[in-house]
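This report describes the packing of helices and nonpolar side chains in a multi-chain model. The sequence and structure are shown first.

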Amino acid sequence: MTMQTLLLLTSALFCMGIYGLVTRRNAIALLLSAELMINAVTINLVAFARLAGGVTGQVFAVFTIALTVAEVVVGLAIVILLFRWRREIAIDSANELRH
Amino acid sequence: MTESSIFFAVAAAILVSAAKVVSSRDLVHAVLWLGVVLVLTAGMFLLLSAPFLAGIQLLLYTGGVITLMLFGVMLTRRHREIGVEVDSSRRLPGALGALALFGAMACAIFRTELPAWPASEPIPAVEIGRAFLTDHLIAFEALSVLLLAAMIGAIVLGRQRDFGDEPETVYRRSGRP
Amino acid sequence: MTPIEYALIALFVPLAAAFIIAVVAPLRYAGMPAALLSVAAALVSLGASLALLVQQIAQPDRVIHEVVRWLPNGPAALAQVGVHLDGTSVSMSVVVTLVAACVQIFSLGYMADEPPAARGRYFGYHSFFIFTMLLLVIAPNMLQLFAGWELVGLTSYLLIGFYFQKPSAAKASVKAIWVTKFADIGLLLGLICLFAVTGGFEWTATLSKGWATAITLLMFLAVVGKSAQFPLHIWLPNAMEGPTPVSALLHAATMVAAGVYLVVRADPLFAQAPTTQLVMAWIGGFTALFAAVIATVQTDIKRVLAYSTCSQLGYMVCALGAGASMAGYFHLTTHAFFKALLFLAAGSMIHAVHSNEMSAMGGLGRRMKATSTVFIVGALALAGIPGFAGFFSKDLILEAVHEAGMFVPWLMLIAAAFLTAFYMGRAVFLSIFGPFSPTSEGAHESGFSMTGPLWLLAAGAVGIGYFGSDFAALAGGTYHFHLGMSGILGTTCALIGLLLSWLIYGSHRLSPQAFRFVAPIAWLARSGLVDRFFEFAYRRGALVLADAVGFFDRYVIDGVMNWIGWSTITSGRWLRRIQTGNVRDYVYAVVAGAVVIVFWGLSR
């Protein structure tokens with residue numbers, strides 16, 4: 001286990017998240033993909049924290065995880081609202097950002 | 001079993017599970033695969049000598065997020081069946097884009113001189129807790145406020161009970177908790 | 001009280017009166033109370049000025065220069081305001097307040113037929129004028145003088161347009177402000193140059209020859225405008241649209257003399273610029289002659305006096321050009337008295353016959369004895385008949401111009417002296433003697449509020465000339481009366497002119513037909529050639545320039561602006577297409593950006 005292989009792993013994980021983000025049409029599936037990406041980032045953070053030593057890196061990893069939870073909560077609430085509004089959560093039809 | 005072989009096994013399992021998350025046709029399966037990824041990530045944290053984080057990961061993610069996600073899936077079903085079909089579209093451009101990014105990052109990783117791991121002991125939870133309540137107290141408090149705000153926001157957004165078809169009414173009412 | 005307190009009283013009591021009249025509407029609408037307040041303020045101001053004059057006569061060399069910082073700029077001030085009391089400014093403020101007080105008292109009777117509200121407004125303007133004129137007179141530097149200069153221009157505009165419901169008066173006020181403001185650009189530029197060169201607005205500055213010439217020429221442009229010199233004299237005859245007392249105060253005695261006063265004040269600057277002085281002498285001499293020619297063919301008594309004012313101001317400017325600022329200033333003072341007297345007397349006659357035309361006034365001498373007497377006194381003083389004030393000052397000017405070796409201007413002044421006597425004699429014989437006209441038959445003498453000031457001014461028009469040496473002491477010069485060659489020649493010409501006018505208009509021994517050979521000159525003078533020239537210059541010059549500028553603005557500047565707007569809209573329309581609102585496309589964009597950043601970072 002070297003730093004390099006770890007980084008390659010997290011990059012691959014991140015790019016899978018990207019792939020999911022651009023191919024999936026279901027809003028919840030998009031959230032799942034985003035989770036993958038954040039997970040990759042968190043692993044990176046922990047790895048660099050170990051490289052740097054000390055406690056701060058891990059503290060911030062905890063912050064990241066908590067933030068992610070908050071993001072999931074709000075994201076899901078939005079998805080549910082979207083569903084109530086449109087009766088579906090296919091993201092292609094949701095182009096309200098344009099208006 | 002050496003640490004290295006454990007790492008490669010976990011890494012391979014993470015990648016396979018992640019692939020299933022983004023390709024599974026059943027949304028419930030995808031959520032469950034994500035749970036696998038998260039649990040394996042906790043194992044990765046253990047390997048990186050961060051046991052406290054591993055515990056957090058299991059508790060928050062695997063316990064909380066996956067449950068939330070399943071609720072979300074069920075709340076947004078249109079039909080009564082258990083499985084939810086998820087289709088993907090435009091896979092080729094998506095794959096090419098993701099590969100391009102991966103290539104770029106891999107290039108960067110290979111061309112960077114990375115140091116070897118320093119020898120380090122797992123950090124005990126007590127120290128992390130102390131750091132939270134001393135050096136990073138303000139960030140900690142801000143985080144708690146953020147979580148409170150997220151909670152209130154989620155309640156406000158989700159409180160709407162009638163499933164009206166009028167976007168305007170939803171907009172209007174959602175503004176007033 | 002200190003002299004400065006006196007000066008401030010003289011300055012601010014009229015301003016307070018003007019302010020009260022302007023703000024307290026019932027007072028203004030009542031008319032008479034406002035008038036009395038204004039007159040009282042003018043008398044207070046006159047009293048303070050006289051007190052200053054008494055002190056000044058006791059110590060002729062006293063100079064009080066008291067300033068406070070204005071526009072503070074670090075430790076030094078960018079400019080200063082204050083009072084500068086020396087013989088010149090003190091005597092000038094007495095002249096201003098004395099004539100103003102006389103004119104205001106005269107106006108009590110003259111304006112009695114006006115509606116009360118209009119009277120209140122009129123006297124408010126008058127009080128304000130005293131303030132502005134004194135602000136100019138006691139200015140310690142050119143900047144404050146400029147402020148007063150512009151403010152008297154404003155008051156002049158307001159008073160010319162006093163009968164603003166009359167189109168000709170409204171036009172005349174606009175014309176006056178147009179012409180004088182155009183000229184004032186010169187003063188402004190001159191002051192800017194002065195500040196740029198010396199860092200201050202002092203008239204005592206020492207300048208290089210080139211700068212001195214440039215700055216004084218620019219200032220002289222403003223003098224030409226304000227003091228109605230050729231070719232910017234065109235506004236003064238139209239300014240007669242204002243009430244006659246206004247013409248007496250502003251457009252004869254004080255305000256138009258501000259230009260002369262400016263040159264007297266800035267004498268140290270002008271003395272450094274012989275070129276400017278030469279220009280001044282020529283323009284002054286030419287204006288004196290030119291305006292006198294026009295005055296001989298006018299039928300409106302106020303216009304005769306207006307052109308006469310131009311002409312006399314030409315005398316003063318010519319004297320200043322000859323370097324004899326004391327002579328010019330002396331003539332300013334005597335002229336203030338006798339010209340105010342003439343205007344007020346003419347006003348009294350106009351008031352009696354309700355017409356400006358001299359043909360409507362014939363024989364007034366038998367109906368209005370007091371007015372006629374003082375008018376004749378004023379006319380003799382203006383004509384320069386020995387014994388009257390105008391004789392002394394005009395003699396001084398002729399001598400000075402002759403001594404300065406300016407032969408042609410001197411000759412023009414002599415000719416103007418002849419014409420002055422001629423046109424004044426003509427005015428006297430036409431309006432005071434001669435047969436009655438239907439309107440003058442039933443005329444009667446004006447009340448005491450009108451004749452009283454006339455007698456006072458008449459005393460000045462006779463007596464002031466004998467105080468030449470005291471005056472010179474105040475103005476920092478010397479004066480010894482001696483009748484030189486110029487004086488004799490000028491006086492002879494004046495007497496001939498008077499005789500000629502008697503022969504033509506008094507005894508009718510000579511028919512005006514005998515002088516048909518001067519008709520073309522008269523026609524040229526009367527046809528308003530200068531006005532037409534300016535009209536032409538405006539149409540062909542200013543309007544064409546405006547069109548060119550307008551074209552540039554419309555098609556070049558607006559074009560660039562429109563192009564910028566158009567290109568923004570168009571590019572926005574194109575860029576809008578990448579804002580699909582589709583999350584997926586944004587992710588692609590982020591990925592592309594990330595790839596680009598990574599490779600850019602690697603390739604560095």
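In this predicted model, the largest nonpolar core comprises 191 residues. Within this core, the residues with the most contacts are Met142(C), Trp149(C), Leu191(C), Met219(C), Trp235(C) and Phe375(C). The greatest contribution comes from helix α15 of chain C (residues 325–353), which supplies 19 residues.

Phe375(C) illustrates the surroundings of such a residue. Beyond its neighbours within four places in sequence, Phe375(C) is in contact with Ile301(C), Leu342(C), Ala345(C), Ala346(C), Met349(C), Met424(C), Val428(C) and Ile432(C). Another core lies apart from the largest one and has 77 residues, including Ala47(A), Val10(B), Phe45(B) and Ile128(B).

Chain C contains 25 helices and two strands. Of its 604 residues, 56% are buried. Among the contacts in chain C with a separation of 6 or more, 79% join residues 24 or more positions apart.

Two helix pairs, one in chain C and one in chain B, are set out below.

| Helix pair | Residues | Angle between axes | Distance between axes |
|---|---|---|---|
| α5(C) and α6(C) | 116–137 and 142–160 | about 160 degrees | 8 Å |
| α2(B) and α3(B) | 27–47 and 51–75 | roughly 175 degrees | within 8 Å |

In chain C, α5(C) and α6(C) pack at an angle of about 160 degrees, which makes α5(C) roughly antiparallel to α6(C). Their crossing is left-handed. From α5(C), the contact involves Tyr122(C), Tyr125(C), Phe128(C), Phe129(C), Thr132(C), Met133(C), Leu135(C) and Leu136(C). Residues of α6(C) that take part include Gln144(C), Gly148(C), Trp149(C), Val152(C), Thr155(C) and Leu159(C). By class, the residues of this contact are 14 nonpolar, four polar and no charged. Trp149(C) belongs to this contact and is also among the residues with the most contacts inside the largest core.

In chain B, the axes of α2(B) and α3(B) cross at roughly 175 degrees, and α2(B) is therefore roughly antiparallel to α3(B). Residues of α2(B) in the contact include Leu27(B), Val31(B), Leu34(B), Leu38(B), Ala42(B) and Phe45(B). They meet a set in α3(B) that includes Pro51(B), Leu58(B), Tyr61(B), Ile66(B), Met69(B) and Val73(B). This contact has 18 nonpolar, four polar and no charged residues.

Technical notes
Residues numbered from 1 in each chain as written. Chains lettered and ligands numbered in written order. Predicted model: local features only at pLDDT ≥ 70, side-chain atom pairs only at ≥ 80, totals over all residues. Heavy atoms only, no water. Axes fitted to C-alpha atoms, helices over the stretch in contact; angles between N-to-C directions. Helix = DSSP H or I, 4+ residues; strand = E, 2+ residues; numbered from the N terminus. Parallel < 35°, antiparallel > 145°, perpendicular 65-115°, else oblique. Left-handed = near helix turned anticlockwise from the far one by under 90°. Contact = heavy atoms within 4.5 Å. Nonpolar A, V, L, I, M, F, W, Y, C, P; charged D, E, K, R; others polar. Core = buried A, V, L, I, M, F, W, Y, C linked by side-chain atoms within 4.5 Å. Buried < 20%, exposed > 50% of the residue type's maximum accessible area, 1.4 Å probe, protein only.
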